[in-house]
Amino acid sequence: MKKVLNLKIKSLGELGHGVFSGYGSTFGNVDRVGDIVERGAFERTLETHKKNGTMPAMLIHHDMTRPIGRWIDMREDEYGLNVEGKLTTGVRDADEAYALLKDGAINSMSIGYKVLREDYDHRTGINHLHEVELHELSLVTIPANAAAIVGAVKDAEGNPNIRELEAVLREAGLSRREAKAFLAEG
């Protein structure tokens, strides 16, 4: 698995409580079902959402009957689909998701999509996803892509918990020393 070395944690100002960020998907690694999402796979769908003033749905466990908030920002960077979202406080599933995120019981995301362009390698059994139509992005317990992680969760005062962030970075493959050094640099 790739190491998350370019994860950025930043203040989201007035958005505060219930805000989290991370990677909804990553590029170039084989997931648990044999897919590799290729860089550029989300470009067209993100452009369409931007043009229409929409975002994919934010769900819990891919359950279309359980929306939990809204996506504030989604963009491709060199590592993957970088996302920032806000849970809707007062919604039972969102409040539970926030508690689970803060406790580390949930720290992963998973995409719900329609494949538009793919190449299946019969020799390796790996499917390369070149273009997808993104319908939703869910918080999940066990993701197909183990590198699709939540990188920061803000507390009630709007501050990220450093111990939680260190644990997430360590789960993503950084050593304790690398995680501490990353956090020390902000």
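The model is predicted: local features need pLDDT of at least 70, side-chain atom pairs count only at pLDDT 80 or more, and totals for chains, interfaces and linings use all residues. Residues are numbered from 1 along each chain as its sequence is written, and side-chain values use heavy atoms, with hydrogens and water left out.

In α2, Asp93, Ala94, Ala97, Tyr98 and Leu101 are buried (under 20% relative accessible area; exposed is over 50%, partly exposed in between; 1.4 Å probe, protein chains only). They cover an arc of only 140° around the axis, so they lie on the same side of α2; the arc is that of the directions from the helix axis to the C-beta atoms. Arg92 and Asp103 are exposed on the face turned away from the buried side. Just after α2, Gly104 takes a positive phi of about 85°.

Strand β4 (residues 67–76) runs antiparallel to β3 (residues 57–60), joined by 2 bridges. Pairing requires at least two DSSP bridges between strands. Met58 has Gly69 of β4 as its bridge partner. Gly69 also stands opposite Leu87 in β5. Strands β4 and β5 (residues 80–87) are antiparallel and share 7 bridges. A hairpin of 3 residues joins them.

Methods: Helices (H or I, at least four residues) and strands (E, at least two) are DSSP runs, numbered from the N terminus.
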